[in-house]
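Good morning, colleagues. Please keep the structure in view as I speak.

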Amino acid sequence: MTPAASRSTANGTRERAALVGLFTGSSRNFDPEHSLDELAGLAAAAGAAVVLRLLQKNPKPDPATFLGRGKVETLAAACEEVSADVVIFDNELSPAQLRNLEGTLQRKVLDRTQLILDIFASRARTREGKLQVELAQLKYLMPRLIGAGTALSRLGGGIGTRGPGETKLETDRRRIRHRVSILSHEIDNVRKRRSQLRERRQKSSVPTVALVGYTNAGKTTLFNALTGDAAVASNALFVTLDPLVRKVKLPDRRELLVSDTVGFIERLPHSLVAAFSATLEEVAAADLLLHVIDAGNADRDRQIAAVRSVLAEVGAEKVPVVEVFNKCDQLDDGERARIRAVHPAALCVSALTGEGRDDLIAVLEGRLALDTAVVRFDFASDDEEDRKRIAHLYRVGRIRSHVTTDGRVSIEAEVPRRTIERLQGRGAQRESRA
């Protein structure tokens, strides 16, 4: 258990946080010290000053107190000594563990998921972002509601209605379920609007590029360097929550759309992935992903794996990816050579100095296949998947002819080359290309 220096603001209102991590030693790739460092960054992003750090190794968490009764009592004494206001665990706690820990520590207790949700809530600016964060918070809160049983019962009125009635806990859960239903409906509307916007972009043959990467890898700075925009960039976690889309003009005057997305993090709460599905669909529907990697981070390999895991979770694992190592101005020649040896197809850039921007633009031109082709497709009219491909073809292409004969549909259309493979399938054979 080690004390940490406290940082205070002018008004002195920052909460003093104690960080607690438990590791089982079962994962060779897990570095508990680094994980606690990341938790400290999250705590700072939430506005807390870290005054205490505790790491414990245990084969498995204690089901009642997570750490074990003796360790919790030691933690309580240490928190009293450093005047900690909140105790933050680098793991997810069960409702029972949360209750028992708060009872023993006599302080507010948060787990990693709740801390990330709090940061997202403070950073959300648009209505869409606020809706998604609220939905994630309510889903997290539902199983953690604490009631006092029949002591809070609401009795019915009239003969035959006396009895326990509906407890306050049940009422709260019912209200949360109702609110979750409303939020889910509104987010579905957001998803539909985003889908319509994507279809318009596909119809206009403007390709889309999405910036993805670990939080604080420099995505927004690179976004500004590519687009000439002035989006807020900061050396902090989860600065960008709401996706930004801007147009980029290439040297030959062709255009593409670049979107900046929410940063990923290891063990990203599933409730957040689900709540932000409408936003993350932008990633899955992109024509190309730029995976921005912090080249100067000693733990970059673990961050790369975490991003790939989230991409697979949101259905974007099949989208072409270009790995872009950012902050290369901080590297020496030896480290640059090591990156090129391990990732030969990757780019090494500096969004801050502009190094490598021209190379990145050239790769975008080559990978996006911005030109169009006239293609003849052959579909089966009674095949459900082929009917979906026909509908998609009408959205993204300019139809030249449409002929139906003996259950077969032959369509000639001008389509962006990058969409041709998506339009081909088991029931759709490309017959000719002009």
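Let me begin with the largest nonpolar core, which has 38 residues; those touching the most other members are L19, I88, F264, L289 and L311. Please bear in mind that this is a predicted model.

Which elements supply at least two residues each to this core? Among the strands, they are β2 (15–23), β3 (48–57), β4 (86–89) and β6 (208–213). The helices are α1 (32–45), α4 (112–123), α9 (277–284) and α10 (300–313). Helix α1 gives the most, with 6 residues.

I turn now to F264. Setting aside neighbours within four places in sequence, F264 is in contact with V212, G213, Y214 and T215, and also with L280, V307, V310 and L311.

There is also a second, separate core of 25 residues, which includes F66, V72, C79 and A136. C79 has a relative accessible area of 0%, so this cysteine is buried.

That brings me to the disulfides. How many does a search of the whole structure find? The search finds 1. The partners are C328 and C348, with their sulfur atoms 2.0 Å apart. The link is left-handed, with -105 degrees about the S-S bond. The two cysteines are 20 residues apart and link distant parts of the chain: C328 lies in the loop between β10 (321–326) and α11 (333–342), and C348 in strand β11 (residues 347–348).

Are these two partners buried or partly exposed? C328 counts as buried because its relative accessibility is 0%. C348, at 23% relative accessibility, counts as partly exposed.

Thank you for your attention.

Technical notes:
Residues numbered from 1 in each chain as written. Predicted model: local features only at pLDDT ≥ 70, side-chain atom pairs only at ≥ 80, totals over all residues. Heavy atoms only, no water. Core = buried A, V, L, I, M, F, W, Y, C linked by side-chain atoms within 4.5 Å. Buried < 20%, exposed > 50% of the residue type's maximum accessible area, 1.4 Å probe, protein only. Helix = DSSP H or I, 4+ residues; strand = E, 2+ residues; numbered from the N terminus. Contact = heavy atoms within 4.5 Å. Disulfide = S-S within 2.5 Å.
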